[in-house]
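Please look over the sequence and the model below. A short report on selected features goes with them.

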Amino acid sequence: MAAQPPSPQPSTSDRLAPADFQARWWTWASQPSNTNPVSDTSGRYCMRDQPVDVWLLAGSLGDGPVERQCRVPADKPLLAPVVNLASDIASCETFMKSAQGEVLLDGSTQTLTKVSATPFTYEARAGNPYGAQTGRLNSIGCGLYAWISAPPSGEHELVIRGSGGGEEIDVKYKLIVGAD
């Protein structure tokens, strides 16, 4: 009798519900504006406050094309929102009607996960670019996200392009994977 091949391990997206990964992403993205990874135009803040089990990447605030360089530990899956929103149910429903985009890793189109209005809780720091509220916040989140299996060590190009809610996102990352 032949041995059974090992069953595939679940990806991080299989283990994290939309409320969980949105809470992680929005907490990470709600850092003060002067060190915020979303408003960062070079990538120098991409490593700040990353969670243990997934590497978070950012789109932009919709203010033109952005190019970043980011060092990523080996064996980390990536989570990159194409477009996303933290607001209320009605705003999410309207936002998702126009949400569209793509994520390319080394020219290969990545599968997008569509997240409809989902309640979640996150931590917002003072001076974040999303509003005056700080502390533990309850919100409704939605968007298009790319879950990417851990890329092999080396240099990779990740492109995030999308639109939603009147914002255009155009971000290019040079990822250096396996750099400590």
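Predicted model: local features only at pLDDT ≥ 70, side-chain atom pairs only at ≥ 80, totals over all residues.

Residues are numbered from 1 along each chain as its sequence is written, and side-chain values use heavy atoms, with hydrogens and water left out.

**The sheet**

Helices (H or I, at least four residues) and strands (E, at least two) are DSSP runs, numbered from the N terminus. Two strands pair if DSSP finds at least two bridges between them. Five strands form an open sheet in the order β2-β9-β8-β4-β5, and the pairing is mixed. β2 (66-72) and β5 (108-109) are the edge strands, each with a single partner, so one side of each lacks a neighbour in the sheet. Strands β8 and β9 pair in the antiparallel sense, over eleven bridges. E157 stands opposite K174 in β9.

| Strand | Residues |
|---|---|
| β8 | 154-164 |
| β9 | 167-177 |
| β6 | 112-124 |
| β7 | 135-148 |

**Helix α3**

Buried means under 20% relative accessible area, exposed over 50%, and partly exposed in between (1.4 Å probe, protein chains only). Helix α3 spans residues 89-98, with C92, F95 and M96 buried. Seen down the axis of α3, the buried residues fall within an arc of 95°, so they line one face of the helix. That arc is taken from the directions from the helix axis to the C-beta atoms. T94 and K97 are exposed on the other side of α3. Contact means heavy atoms within 4.5 Å. The buried residues of α3 pack against β3, β6, β7 and β8. At the start of α3, a side-chain oxygen of D88 comes within 3.3 Å of the backbone nitrogen of A90.

**A117**

A117 sits in strand β6. A117 is partly exposed, at a relative accessible area of 33%. Leaving out residues up to four places away in sequence, A117 touches I89, C92, I140, G141 and C142. A117 and F95 are 22 residues apart in sequence and 9.8 Å apart in space, C-alpha to C-alpha.

**K76**

Where does K76 lie? K76 is in the loop between β2 and β3 (78-87). K76 is buried yet has no salt bridge. A salt bridge is a side-chain nitrogen of Lys or Arg within 4 Å of a carboxyl oxygen of Asp or Glu. Lys and Arg count as positive and Asp and Glu as negative; His and the chain ends are not counted. Beyond neighbours within four places in sequence, K76 contacts P51, V52, D53, V54, W55, A150 and P151.

Definitions and conventions: Polar contact = N/O pair within 3.5 Å; in protein donor to acceptor, adjacent residues only side chain to side chain.
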